[in-house]
Amino acid sequence: MSVEILAPMPGNIVEILVKAGDAVSENDEVIILEAMKMENPIFAPCDGTVKEIKVKEKDSVEADQVLMILE
Amino acid sequence: MIPYLKMDEFGRPLKESQVKRMEENVALAEEVMRGIDAEALRIKEVGIPVEKVHERGEMTVWERIEYLADPGTFCPLHTIFDPEHEESGSTGVVDGLARISGRWCMLIGFNNKWIAGAWIAGQAENNLRVTDIAKIMNLPLVWLVNCSGVKLPEQEKVYANRRGQGTCFFRHAELEKLGIPVLAGIYGTNPAGGGYQGISPTILLAHKNCNIAVGGGGIVGGMSPKGSFDEEGAEDLIEATRHFKSVPPGSVKIHYDETGFFRAVFDEETQVLDALKEYMAGLPAYDPRFFRLARPAEPKYSPSELPYLVSMNPKAGYDFDNVLARLVDSSEHLEFRPGYGPEIYTGLVMIDGFLMGVIGNRQGLLPNYPEYTDEYIGVGGKLYRQGLIKMNEFVTQCGRDRIPIIWFQDTSGIDVGDTAEKAELLGLGQSLIYSIEQTNLPMMLVVLRKGTAAAHYVMGGPTANNNTAFTLGTPATEIYVMHGETAAAASYSRRLVKEKDAGRPLGPVIEKMNEMVEHYHTTSRPVFCAKTGMVDEIVRFEEIRRYLVAFTNGVYQNPRSICPRHHLMLPRLIRFQVVKGLDRPGKEE
C-alpha cells in the first residue's frame with residue numbers, strides 16, 4: 001500500500017535525507033523543510049521503503065504537496 | 001513503588017545516518033568549547049606563576065578546591081565571568097557547587113595568584129550570585145578566604161554601592177539568619193575588606209600565617225598632610241618605609257589567643273581544608289533515602305549522544321523528548337498534559353532517584369495549532385496560549401507538591417500580533433512569572449539553544465531571582481531580545497523607504513543594517529553570555545547531567561518544605577490521563 005508524505009505547509013526543501021529504495025521506520029526524519037524561518041524535519045508516518053521522491057533540494061512547495069511516496 | 005509514580009519509558013536510539021549527518025555539528029560544538037576552555041586556562045595563568053605560590057608554601061585556589069571537594073563533584077560556575085572587563089579578564093574568585101564530606105555546598109575561594117586575592121571589578125556581582133545560590137538551594141557556603149582587600153587604583157569600582165563588595169557581608173548575615181552556615185578557611189593577609197571576608201562567616205578556621213584585620217599595616221604610613229605628593233613628600237615616605245617594620249595586625253596571636261575569633265589554627269594549608277571537611281561532615285543533611293522515590297539510575301541513552309541531537313544551526317529542529325531522555329534516570333518520565341500546549345513539554349522525571357519537574361520548548365511544526373487562529377500554523381520554540389496555560393498549571397502544581405523545577409529553553413519568543421493579544425498572551429506570560437514567584441521553589445535553567453525576548457524571562461529565566469538558582473548555557477546558546485535581522489529590519493525599514501523615495505543609494509543603510517546583524521551575533525554568542533553573566537556557565541552538552549545531579553542532590557539535602565510522597569498530587573493528575581493526547585477524562589480511573 002502506498003503512503004504519501006505531504007508538506008504540512010508552504011516552504012522550501014532544504015535537504016532530502018533518504019533516497020529511493022531506502023528502508024525507513026516510523027518517525028524517521030526523511031526531509032528537511034524550511035518554513036516559518038525554521039528548518040523542520042518531516043517524519044515518515046510509518047515503516048516502509050522509499051518508492052519515489054517527488055521533489056528536489058531548493059524546490060518551493062505548497063501545503064499538502066506530495067513530497068515523497070512510501071510503500 | 002507507589003502505583004502512580006511508575007514512569008513511562010521515552011526516547012529513541014540514534015540512527016547511524018543521524019550520527020553521520022551530525023558529525024560536523026559535533027565538531028562545531030567542540031570548537032566553541034575549546035574557545036571557552038582556552039579562556040578559562042588563560043584566566044588560570046594570569047598573575048604570579050604557580051611556582052611562586054608554592055615557593056611561599058601556599059596552594060593555589062584551584063589546588064585548595066581540588067583537595068577539599070569530594071572527587072569529581074566540583075561543578076564550576078562563573079569560570080570566565082567578567083562583567084566589568086577587569087584587567088585579568090576575570091572576577092578574581094573561583095566558585096561552584098561541590099560536595100565536601102558527602103555534603104553539598106556552594107564553594108568559593110579568592111584567586112591568590114592575582115593581586116593576592118584582591119577585591120576587583122565585577123567580583124561583588126559574582127559573590128552575590130554565589131550567596132543567592134546558597135540561599136535558594138539552602139546550601140552551606142564555604143569560603144576559602146585569601147583577600148588583600150580593595151584593588152586600590154580602582155576602588156570606585158569595587159568598594160561602595162548598593163551591590164558592592166560590602167553587600168556580601170550582609171548576605172552572610174542573612175544566610176545565618178536563615179540557618180545557613182558560612183564556613184571559612186582563612187589564608188594569607190586579609191586587611192580591611194579582606195578582614196570582613198574573614199570575620200563575617202560563621203566558623204573561622206585559620207592557617208598559622210593568616211591574619212584578618214580592620215586595616216592593613218601598609219596603610220599606617222600613607223598619610224600626607226599636604227593633600228598631594230611632591231619630591232619632598234616622596235623622600236619622607238621613602239625614609240619612613242625603609243624603617244617601617246610592619247607586622248600585619250590581626251594575626252593568630254590576636255584572633256586565636258586573645259579574641260578567640262578563630263576556632264582553630266593549623267600549621268599546614270591542607271590541615272585547614274581537613275578541618276573544613278570535618279565541619280562539613282557534621283552539618284545536618286537528610287539521608288538521600290528520606291526523599292528518593294527510586295534507586296538512582298543512569299539514563300538508558302547516553303548523554304554523550306546529545307551533541308548529535310541538538311543542532312548548532314539555530315534554525316534546525318530537533319526532538320526535545322529525545323534530548324531529555326538522555327538526561328534523566330532510566331530515560332523515563334511522566335508527561336503532564338501531553339497533546340495540550342504541544343509546543344511545551346512539562347513532566348516529572350527522576351534525577352539520581354529524586355523527583356524533579358521539567359519544562360522545555362519542543363521544536364518542529366505544529367499543524368492545526370494554535371487554536372485561536374488559522375492565519376498561521378504553530379512552530380516549536382514559540383509560546384502560545386495553551387503552552388502558557390500548561391506551564392502556569394504545572395508550576396503551580398509543582399509548588400503545591402514541593403517539586404523543584406529544571407527549565408530547558410530553546411525559544412524564539414511569545415507569539416505576537418493582535419491575534420495573540422486577543423488570546424491574552426501578554427497577561428499569561430506575566431501570570432507565569434506570578435506562578436513561579438508563588439512557589440518559593442528552587443529552580444535551575446539550561447538555555448539549550450535560544451533564549452529570546454520575554455520567553456527567556458518567563459520560562460524560569462535568570463530574572464527569576466528568588467527561584468532560579470543558576471543558569472547554564474551550551475555551545476549552541478544564543479541570548480538576545482530578538483534575532484539580529486529582525487532588529488535591523490525594525491530599526492532601518494523606514495529609513496530604507498525614505499532613501500529609496502529620495503533616490504539615494506541604499507548601500508550606506510544596508511551597511512548599517514549588516515553592522516547591527518553582526519553586533520547582535522557577537523553579543524549573543526556563548527562566550528559573551530558567560531562573560532557578561534547572561535548565563536552562569538557554559539558546559540558541554542554531555543556535562544549537563546552532572547550539573548542536574550548536583551543541583552538535585554543539593555536541593556534535596558535540606559529542603560525548606562516537604563510534601564510526603566503519598567500526598568503528591570501531580571503524579572495522580574498525570575496518571576488520570578489514561579490515553580495520551582486527551583485532556584483529563586470526566587471520571588476517575
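**Layout of chains A and B in the predicted model**

B:G227 sits in the loop that runs between strand 9 (211-213) and helix 9 (231-243) of chain B; helices (H or I, at least four residues) and strands (E, at least two) are DSSP runs, numbered from the N terminus. This is a predicted model, in which local features need pLDDT of at least 70 and side-chain atom pairs count only at pLDDT 80 or more, while totals for chains, interfaces and linings use all residues. Residues are numbered from 1 along each chain as its sequence is written, and chains are lettered from A and ligands numbered from 1 in the order in which they are written.

The cut-offs here are 20 or more other C-beta atoms within 10 Å of a residue's own for buried, 12 or fewer for exposed, and partly exposed in between, with C-beta atoms placed from the backbone. Between B:G227 and B:H483 there are 54 Å, C-alpha to C-alpha, and the two are 256 residues apart in sequence.

Stepping back to the whole of chain B, there are 21 helices and 23 strands. Its radius of gyration is 27 Å, close to the 25 Å that the globule rule gives for 589 residues, so chain B is as compact as a globular protein of that length. That radius is taken over C-alpha atoms, and the rule is 2.2 Å times the number of residues to the power 0.38. The C-alpha trace of chain B spans about 85 × 75 × 45 Å along its principal axes, and 48% of the 589 residues are buried. As for contacts (C-beta atoms, placed from the backbone, within 7 Å), 76% of those in chain B between residues at least 6 apart in sequence join residues at least 24 apart.

Chain B is split into domain 1 (48-214 + 249-281), domain 2 (288-477 + 535-565) and domain 3 (483-524), with bounds that come from an automatic or database domain assignment. The centres of domain 1 and domain 3 of chain B, taken over C-alpha atoms, lie 48 Å apart.

In helix 4 (residues 61-68) of chain B, the buried residues are B:V61, B:R64, B:I65 and B:L68. Looking down the axis, these residues of helix 4 of chain B fall within an arc of 100°, so they line one face of the helix; the arc is that of the directions from the helix axis to the C-beta atoms. Their cover includes strand 3 (93-100), strand 4 (103-110), strand 5 (141-145) and helix 11 (269-281) of chain B.

Helix 15 (residues 425-439) of chain B has 15 residues and reaches 21 Å from its first C-alpha to its last, close to the 21 Å expected at 1.5 Å a residue, where the expected span is 1.5 Å times one less than the number of residues. Buried in helix 15 of chain B are B:L425, B:L428, B:G429, B:L432, B:I436 and B:T439. They cover an arc of only 105° around the axis, which puts them on the same side of helix 15 of chain B. Packed against these buried residues are helix 13 (385-401), strand 18 (413-414), helix 14 (418-422) and helix 16 (453-458) of chain B. B:N440 follows helix 15 of chain B and has a positive phi, near 55°.

Helix 20 (residues 544-555) of chain B has 12 residues and a reach of 17 Å from first C-alpha to last, close to the 16 Å expected at 1.5 Å a residue. Of its 12 residues, 10 are buried, so helix 20 of chain B is largely enclosed by the rest of the structure. Among them are B:I544, B:R545, B:Y547 and B:L548.

Among the strands, strand 11 (residues 332-335) of chain B holds B:E332, which counts as buried because it has 20 C-beta neighbours inside 10 Å. Leaving out residues up to four places away in sequence, B:E332 touches B:M7, B:D8, B:E9 and B:F10.

Chain A has zero helices and eight strands. Its radius of gyration is 11 Å, which agrees with the value near 11 Å that a compact globule of 71 residues would have. Its C-alpha atoms fill a box of roughly 30 × 15 × 15 Å along the principal axes, and 32% of the 71 residues of chain A count as buried.

Where the chains meet, 11 residues of chain B are in contact with 11 residues of chain A. The chain B side of this meeting has five nonpolar, four polar and two charged residues, with Ala, Val, Leu, Ile, Met, Phe, Trp, Tyr, Cys and Pro counted as nonpolar, Asp, Glu, Lys and Arg as charged, and the others, Gly among them, as polar.

Key:
Two residues are in contact if their C-beta atoms, placed from the backbone, lie within 7 Å.
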